[in-house]
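User: Hi, could you walk me through this one? I'd like to start with burial.
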Amino acid sequence: MTTSLKETFLGNNNSDNFLDCVVSSLKRKSLTECMHVGSVIAYDGYIVTVSSLPCIVGSLCSIENDHGGQVTGEVVRINETAVDIVPHDNSFAIGIGDKVVLMEVSQEVEVGSELLGRVIDGLGRPLDQAGPLDCKQKMSLNGTSMNPFKRNPITEVLDVGIRNINANLTVGRGQRIGIVAGSGVGKSVLLSMIAKSTEADVVVIGLIGERGRELASFTSQVLGSHSRDKVVFVAVPADRSPLLRIQGAKRATAIAEYFRNEGKNVLLIMDSLTRVAHAQREVGLALGEQPTSRGYPPSVISLLPNLIERTGTSAKSGGTITAIYTVLADGDDVTSDPVVDTARAILDGHIVLSRDLAQQGIYPAIDVNQSVSRLMTEIVEPDQVKSSQLLRKYISKYNENRDLILMGGYVQGQDLDLDQAMKIWPSIIEFLQQHDDEKCDFAEAADKLRSLVGEAL
């Protein structure tokens with residue numbers, strides 16, 4: 001009996017330690033039993049149907065084809081006898097019977113100071129060719145909900161270095177704000193200016209669904225203005241899988257959450273929230289959701305608040321996440337576009353960029369009268385609020401009568417406010433303009449606003 005057991009466990013092994021061989025064999029058997037393996041039973045070019053696995057929606061799986069290639073994918077739907085998986089690379093060759101291995105039931109993100117100065121993709125893999133990452137800690141990809149009563153109030157001004165924003169749309173540390181505009185109006189340039197000028201302990205930048213050409217240039221610009229030990233990039237170009245774009249947004253948010261939990265003041269920049277919504281729309285429509293809101297399924301409208309509400313302040317750690325999102329307004333529609341409307345409803349303010357101003361060569365092309373910071377009145381002095389309101393009135397008066405003034409049909413003295421607006425209009429244009437390598441701190445912006453309004457009085 002003993003000889004039979006030895007032959008069973010030792011085989012061709014020359015080791016004389018029978019007990020070691022038994023333990024090693026049992027360990028291999030245990031690992032095999034714990035590994036949940038399924039097989040592909042259907043594939044329509046987008047969704048892979050796999051035999052039942054003990055998983056949840058959002059679980060991470062690996063698919064291996066007959067040629068030894070592997071691709072990861074995410075569980076998007078669970079049926080009684082099968083699960084549906086969307087692979088992270090739709091060009092990967094998948095056939096019936098290919099092996100599917102459950103890797104993570106609940107996905108986690110590797111976090112730590114090792115990420116500082118690095119560029120990673122939606123799955124946390126390095127893109128900067130600076131060697132492998134060895135992060136020691138992990139956080140949930142989807143974050144954890146926070147009790148709203150455990151958030152510190154926002155009382156501190158965040159200096160973003162942009163004169164118009166500091167003076168008229170003051171941002172608080174821990175505020176969530178959106179930059180809304182059509183394509184080609186200067187959203188990315190404005191983001192670059194903010195990223196280079198804002199003071200923060202850590203800057204996390206998510207470049208989601210943007211042009212691949214912009215990734216290297218944007219990265220070099222920001223890293224050239226900050227020390228490498230405070231910036232993290234999560235980059236997922238537009239040609240990647242929609243699930244990877246969603247993963248990239250969630251990963252960037254989770255990394256920001258980690259540093260906030262460490263008590264740091266974090267600046268989270270995401271370009272763009274609309275591309276995340278488009279990615280979720282692709283997934284939702286593929287799963288058979290009804291496009292109920294101008295082509296967007298309900299899952300898009302629920303994803304955005306879940307993502308945005310993970311940012312903000314934390315009473316437990318004392319850290320903050322100031323989040324700035326770009327929102328693309330399809331056809332320059334900044335009023336009824338579903339993504340724009342949802343973002344404005346959940347954010348603490350929005351900055352609207354005007355194509356008319358951009359066509360006049362006024363950059364950043366911020367439309368002050370359509371933009372708002374919901375926290376400005378609570379964090380700045382009352383005289384600055386009053387000066388900002390006066391400036392808004394003068395800009396509105398001038399724009400309402402611009403055609404009449406240019407035709408020479410207005411006679412001064414008929415409207416005192418319009419007279420004052422005309423008097424200082426060249427100074428207003430000078431105030432609104434700012435070169436992309438120029439920085440204007442908060443105190444200087446407030447002083448220039450008071451001086452500008454004082455010219456009209």
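Analyst: Happy to! Buried means under 20% relative accessible area, exposed over 50% and partly exposed in between, with a 1.4 Å probe and protein chains only. This is a predicted model, where local features need pLDDT of at least 70 and side-chain atom pairs count only at pLDDT 80 or more, while totals for chains, interfaces and linings use all residues. Residues are numbered from 1 along each chain as its sequence is written, and side-chain values use heavy atoms, with hydrogens and water left out.

User: Which residues of H12 are buried?
Analyst: Those are Gln384, Val385, Ser387, Ser388, Leu390, Leu391, Tyr394, Ile395 and Tyr398. Helices (H or I, at least four residues) and strands (E, at least two) are DSSP runs, numbered from the N terminus. In general, an α-helix has 3.6 residues a turn, so residues three or four places apart point the same way.

User: And how far does H12 reach from its first C-alpha to its last?
Analyst: Helix H12, residues 382–400, has 19 residues and reaches 27 Å, close to the 27 Å expected. The expected span is 1.5 Å times one less than the number of residues.

User: Switching to strands: why is S14 called largely enclosed?
Analyst: Because six of the six residues of S14 (residues 231–236) are buried, the strand is largely enclosed by the rest of the structure. Val231, Phe233 and Ala235 point one way, while Val232, Val234 and Val236 point the other way.

User: Which way does S13 run against S14?
Analyst: Parallel: six bridges join S13 (residues 202–208) to S14, and Ile205 stands opposite Phe233. Two strands pair if DSSP finds at least two bridges between them. Strand S8, residues 119–120, also runs parallel to S14, with two bridges, and the bridge partner of Ile120 is Val234.

User: What is the strand order in the closed barrel?
Analyst: The six strands go S1-S2-S5-S4-S3-S6, with antiparallel pairing. S1 (residues 37–43) and S6 (residues 99–104) are joined by three bridges, and Ser39 has Lys99 in S6 as its bridge partner.

User: Last topic: what lines the largest cavity?
Analyst: Its lining is Val160, Ile165, Val171, Ile177, Ile179, Ile194, Ile324 and Ile351. On a 1 Å grid over the protein atoms alone, a cavity is a set of points where a 1.4 Å probe fits but cannot get out, and lining residues have an atom within 4 Å of a point.

User: How much space lies in that largest cavity?
Analyst: About 30 Å³, where a volume is the space filled by probe spheres set on the points, which are joined across faces, edges and corners.

Technical notes:
On a 1 Å grid over the protein atoms alone, a cavity is a set of points where a 1.4 Å probe fits but cannot get out, and a pocket is an open set with protein on both sides within 12 Å along at least five of seven lines; lining residues have an atom within 4 Å of a point.
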